[in-house]
Amino acid sequence: CKQNGTQSEVIVNENSADVDFRVESNTDTHALFVQASDGNVGINNSDPDFHANATNLVVGSGAGSQGMTIFTGQNAGNYGSIYFADGQVDGAEEYRGIISYEQNIESMRFHTNTVEALELDVNQQAIFAGNVILGNNQQIQLGGLSGGDMKIYFDAADGIIVNKSGHLYITNQANDKNIYFSTDDGAGGTTTYMKIDGLSEYTQFDKPGRFMDNVYAQFGDSND
């Protein structure tokens with residue numbers, strides 16, 4: 001260690017010897033640890049050697065609960081943030097990715113390629129700036145029932161909606177607007193087969209209906 005009061009820095013191990021640096025606290029032998037062989041740093045960790053992509057700083061001993069805290073002000077505009085950079089030229093290179101939490105309005109945000117991709121607001125609502133893409137057989141599950149009271153998914157061949165509790169309602173609450181049921185038109189496009197007209201209050205069929213043998217269309221309150 002070299003410092004006589006005239007230097008602007010304190011240097012430990014200036015000759016780059018393979019000698020670890022360790023700071024011990026009253027209860028922790030490795031409160032701060034610098035591993036000389038690779039420069040990895042451990043906080044409450046004596047062996048900061050984990051995945052090669054994320055081993056520069058290791059926090060925690062591996063026993064019990066461990067963690068870090070970012071302590072900020074309490075006002076709107078006060079952020080606790082983690083930035084992901086790929087350059088240092090005072091531009092977008094310094095904030096390619098961001099995870100931030102804004103106090104007062106209690107909002108957590110995730111940025112990719114410098115643009116906000118997701119916000120989790122004070123009411124635990126998730127606001128996505130882009131599409132939500134799920135792989136084959138990955139489901140959107142709604143409700144508290146195991147596996148979902150209702151689920152929507154694609155099984156690599158078909159789009160599927162499954163409801164397992166109560167009635168299934170399809171409702172359009174926009175004033176004087178319609179509900180359209182469309183599918184393939186036999187020529188590579190799509191066309192409407194049925195329209196529920198919310199302005200004129202009727203159901204319009206744009207294609208023939210086919211009733212199989214011994215299946216009837218019933219009309220009247222008493223099927224008369």
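Lys195 lies in strand β14, residues 190-197. Strands here are DSSP runs (E, at least two residues), numbered from the N terminus. This is a predicted model: local features need pLDDT of at least 70, side-chain atom pairs count only at pLDDT 80 or more, and totals for chains, interfaces and linings use all residues. Residues are numbered from 1 along each chain as its sequence is written, and side-chain values use heavy atoms, with hydrogens and water left out.

**Around Lys195**

Is Lys195 buried or exposed? Lys195 is buried, because its relative accessible area is 13%. The cut-offs are these: buried is under 20% relative accessible area, exposed is over 50%, and partly exposed is in between (1.4 Å probe, protein chains only). Leaving out residues up to four places away in sequence, Lys195 touches Asn178, Ile179, Tyr180, Tyr202, Thr203, Gln204 and Asp206. Contact means heavy atoms within 4.5 Å. Lys195 also has a salt-bridge partner, Asp197. Asp197 is buried too.

**Salt bridges**

A salt bridge is a side-chain nitrogen of Lys or Arg within 4 Å of a carboxyl oxygen of Asp or Glu. How many salt bridges does this rule give? The count is six. Among them are these pairs:

| Pair | N to O distance |
|---|---|
| Arg96 and Asp86 | 3.2 Å |
| Arg109 and Glu102 | 2.9 Å |
| Lys195 and Asp197 | 3.5 Å |

Take Arg96 and Asp86, joined by a salt bridge. Both sit in the loop between β5 (79-84) and β6 (97-102), 10 residues apart. Arg96 is partly exposed because its relative accessible area is 29%. Asp86 has 54%, so Asp86 is exposed.

Arg109 and Glu102 are both buried. These two also belong to a network of salt bridges with Glu116 and Glu119.

**Two surface patches**

Patches take residues with over 30% relative accessible area and no salt bridge; like charges are joined within 9 Å, and nonpolar side chains (Val, Leu, Ile, Met, Phe, Trp, Tyr) within 5 Å. Areas come from the Shrake-Rupley method with a 1.4 Å probe; for residues, only the protein chains shown count as cover.

One patch is nonpolar, with about 990 Å² of accessible area together. Its members include Phe128, Val132, Leu134, Phe181 and Ile196. Phe128 lies in strand β9, residues 126-128. Its relative accessibility is 46%, so Phe128 counts as partly exposed.

The other patch carries negative charge: Asp18, Asp20, Asp38, Asp47 and Asp49 gather there. Asp and Glu count as negative, Lys and Arg as positive; His and the chain ends are not counted. Each charge is placed at NZ of Lys, CZ of Arg, CG of Asp or CD of Glu. Asp38 is in the loop between β2 (32-34) and β3 (41-43). Asp38 is partly exposed because its relative accessible area is 38%.

**Val34**

Val34 lies in strand β2. At 28% relative accessible area, Val34 is partly exposed. Its contacts, leaving aside neighbours within four places in sequence, are Asp20, Phe21, Gly39, Asn40 and Val41. Val34 and Pro48 are 14 residues apart along the chain, and their C-alpha atoms are separated by 8.5 Å.

**Positive phi**

Asn44 is not a glycine, yet its phi is positive, about 60°. Where is Asn44 found? Asn44 is in the loop between β3 and β4 (57-59). Its relative accessibility is 24%, so Asn44 counts as partly exposed. Glu106, a residue other than glycine, has a positive phi near 55°. Glu106 lies in the loop between β6 and β7 (107-112). At 27% relative accessibility, Glu106 counts as partly exposed.

Key
Helix = DSSP H or I, 4+ residues; strand = E, 2+ residues; numbered from the N terminus.
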